[in-house]
Amino acid sequence: MRIRTFDEYKTAYQKSVEDPEAFWAEVAQNFQWRKPWTKTLQWNFTEPNVKWFIGGKLNITENCLDRHLAERGDQPAIIWEPNDPNEAGVTLTYRMLHDQVCRFANVLKRNGVVKGDRVCIYMPMVPELAISVLACARIGAIHSVVFGGFSAQSIADRINDAQCKVVITADGAYRGNKEIPLKSTVDDALIGCPSVEKVIVLTRTRTPVSMLKGRDVWWEQELKQVTADCPAEEMDAEDMLFILYTSGSTGKPKGVVHTCGGYMVYAAYTFQNVFQYEGAGDTAAQVFFCTADIGWITGHSYIVYGPLASGATSLIFEGVPTYPDCGRFWDITDKHKVNILYTAPTAIRSLMGFGLEKVENHDLSSLKVLGSVGEPINEEAWHWYDDNIGKNRCPIVDTWWQTETGGILISPLAGITKTKPTFATLPLPGIQPILVDENGKEIEGNGVSGNLCMKFPWPGILRTTYGDHERCRQTYFATYPGLYFTGDGCLRDEDGYYRITGRVDDVLNVSGHRIGTAEVENAINMHTGVVESAVVGYPHDIKGQGIYAYVITDQMPADHDADLTKRDILATVSRVIGPIAKPDKIQFVTGLPKTRSGKIMRRILRKIAEGDTGNLGDTSTLLDPAVVDEIRAGAI
Ligand code: WT7
């Protein structure tokens with residue numbers, strides 16, 4: 001399972017392409033199966049229909065917890081660092097985590113949750129979030145974690161789409177110097193969610209909360225009613241493990257579905273190989289610190305499932321990188337002797353801006369490997385990370401992947417693959433990338449760019465979008481028949497190295513978060529007086545991309561307090577989606593550049609937002625070319 005040299009990588013890669021079934025069957029032997037699979041893979045990308053380890057039975061929590069008890073029961077599984085550095089943290093050994101997961105799984109059962117039920121989790125970054133996730137998996141319930149920054153409306157949409165029966169939340173969350181009222185947001189959401197029967201509330205902030213009789217129960221009270229004995233439910237390899245909502249270019253977010261067997265194998269395989277995690281056998285377990293939130297796929301795969309299925313020690317951090325000051329990551333690294341740090345370019349860029357003072361007063365010598373994820377990393381940030389954090393002695397792994405891929409697809413193997421700033425480098429074993437032009441024709445050779453697709457499945461690929469398989473087909477498998485389309489543009493250089501250049505669809509990547517332009521437009525359009533809007537991305541020094549909104553209102557310019565209206569629109573977007581979707585810039589316009597068929601020419605709006613107004617290309621097909629001059633003149 002473990003690759004140690006570049007030659008071994010090449011051998012593994014070759015084998016994975018020549019005989020993928022044999023390759024993945026061998027990898028999957030490293031896990032604990034209740035019953036072996038009878039066929040390793042069955043697939044087509046037309047329906048699509050992908051199944052791995054067919055007939056295999058397992059429970060992912062037996063792989064993440066039970067099987068480690070004999071050899072590493074007393075090893076830390078989770079180290080929790082609270083938001084406030086003066087609050088005591090928590091370390092849970094594998095034995096303690098196993099005990100707590102079993103107990104909470106029994107709480108879920110007590111509250112009527114059975115195999116196949118969907119459970120929504122809206123929690124702060126506390127150990128109980130990981131415990132909730134694993135407790136669902138233990139009894140075969142399907143978790144749907146919703147990031148703690150989403151609005152009540154977004155929670156409600158997700159709960160209704162999946163018809164969740166239970167919600168797990170907390171009274172509140174601490175984030176930096178803010179206190180966020182999670183339970184009251186859930187209460188607002190549940191006004192429109194008839195499927196929800198029970199809400200389990202963890203005490204975190206002691207924020208006063210309303211507790212509805214018959215519906216709401218306290219986590220701590222419930223725990224008193226159960227034992228620690230909870231045998232794991234036997235799951236089919238292709239039973240759903242979780243749903244995670246993600247934005248696309250159209251409509252509401254889609255529920256990406258991952259299943260038990262393939263996802264487990266892929267998350268653990270990539271975790272161990274990309275980061276070259278050491279800790280099995282004689283060596284002490286390394287401390288792995290992924291700074292993502294468990295509400296995103298990065299947290300699912302590389303805080304919870306990948307590390308725990310590998311018997312690793314995973315650090316969970318509740319707070320933000322700039323609280324109490326901009327040295328917090330380095331403080332945590334020093335304090336817990338972090339060996340592997342996995343973070344996002346946006347965090348690196350924001351910390352760069354504060355200078356080196358808060359870096360230099362910490363001992364970072366425990367670090368061995370640095371990771372980057374979520375968006376393209378620019379050269380300046382790459383070098384800053386390399387020079388000042390890794391002190392030029394830690395390989396940087398720029399890992400490219402997506403919610404839909406379950407785990408990393410293109411990345412260096414730490415210390416094994418020669419890196420090149422801004423390049424995700426080479427596909428992992430089992431991954432067969434292909435670049436195509438707009439017509440789906442393969443672009444062969446090196447020194448080329450095109451749209452990034454995959455021509456063969458890997459165990460972690462999404463299986464469907466919840467409740468709407470046709471949408472899954474349309475979104476990922478219909479653009480280029482026979483291929484999985486990533487939505488990303490990509491360059492393959494002379495060495496065959498891959499560099500992801502960004503989305504080619506109407507999806508923005510703001511601080512590593514995926515946001516659909518259509519989603520933001522729909523939210524803006526809900527604001528009273530807004531007639532129409534168009535949203536595009538523009539380069540932003542820290543966020544990677546910022547959100548630029550062009551808005552038409554029904555008010556005459558003279559009657560219109562522009563600043564006030566802007567603030568109100570931001571409040572509406574916050575309310576509908578969440579603060580992460582708030583536009584950075586709003587420009588009021590009287591028209592939008594449209595073709596005669598009524599399609600907004602976003603190309604033009606993007607150029608204006610980028611400040612590149614010199615050459616807007618051909619505008620002669622526009623219905624009203626004059627509108628472009630007005631927009632250009634008013635650009636912010
Ligand atoms: C999109 C997926 C799974 C990681 C967290 C984001 C962009 C992700 C990189 C990278 C350049 C990257 C892509 C991708 N992206 N990693 N290393 N270099 N771009 O997951 O929310 O599903 O977003 O993030 O555009 O399609 P996500």
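This is a predicted model: local features need pLDDT of at least 70, side-chain atom pairs count only at pLDDT 80 or more; totals for chains, interfaces and linings use all residues.
**Entry 1: the whole protein.** I looked up the secondary structure and found 19 helices and 30 strands. Next I checked the overall form. A compact globule of 636 residues would have a radius of gyration near 26 Å, and the protein has 24 Å, which agrees. Along the principal axes, the C-alpha atoms fill a box of roughly 75 × 65 × 55 Å. I found that 53% of the 636 residues are buried. For contacts between residues at least 6 apart in sequence, I noted that 69% join residues at least 24 apart.

**Entry 2: the ligand.** How many residues surround the ligand? I found 21, and the closest are Trp-400, Gln-402, Thr-403, Ile-500 and Arg-514. Helix H10 (297-309) and strands S20 (396-399), S24 (484-492) and S25 (498-503) are the elements that give two or more residues to this shell. The largest share, three residues, comes from S24.

**Entry 3: a visit to Thr-619.** I found Thr-619 in the loop between helix H18 (602-610) and helix H19 (626-634). Leaving aside neighbours within four places in sequence, I saw Thr-619 in contact with Ile-604, Pro-625 and Val-628. I also looked up Lys-594, 25 residues from Thr-619 along the chain; their C-alpha atoms are separated by 9.6 Å.

Terms used:
Residues are numbered from 1 along each chain as its sequence is written. A residue is near a molecule or strand if its C-beta atom, placed from the backbone, lies within 6 Å of it. Helices (H or I, at least four residues) and strands (E, at least two) are DSSP runs, numbered from the N terminus. The radius of gyration is taken over C-alpha atoms; the globule rule is 2.2 Å times the number of residues to the power 0.38. A residue is buried if 20 or more other C-beta atoms lie within 10 Å of its own, exposed if 12 or fewer, and partly exposed in between; C-beta atoms are placed from the backbone. Two residues are in contact if their C-beta atoms, placed from the backbone, lie within 7 Å.
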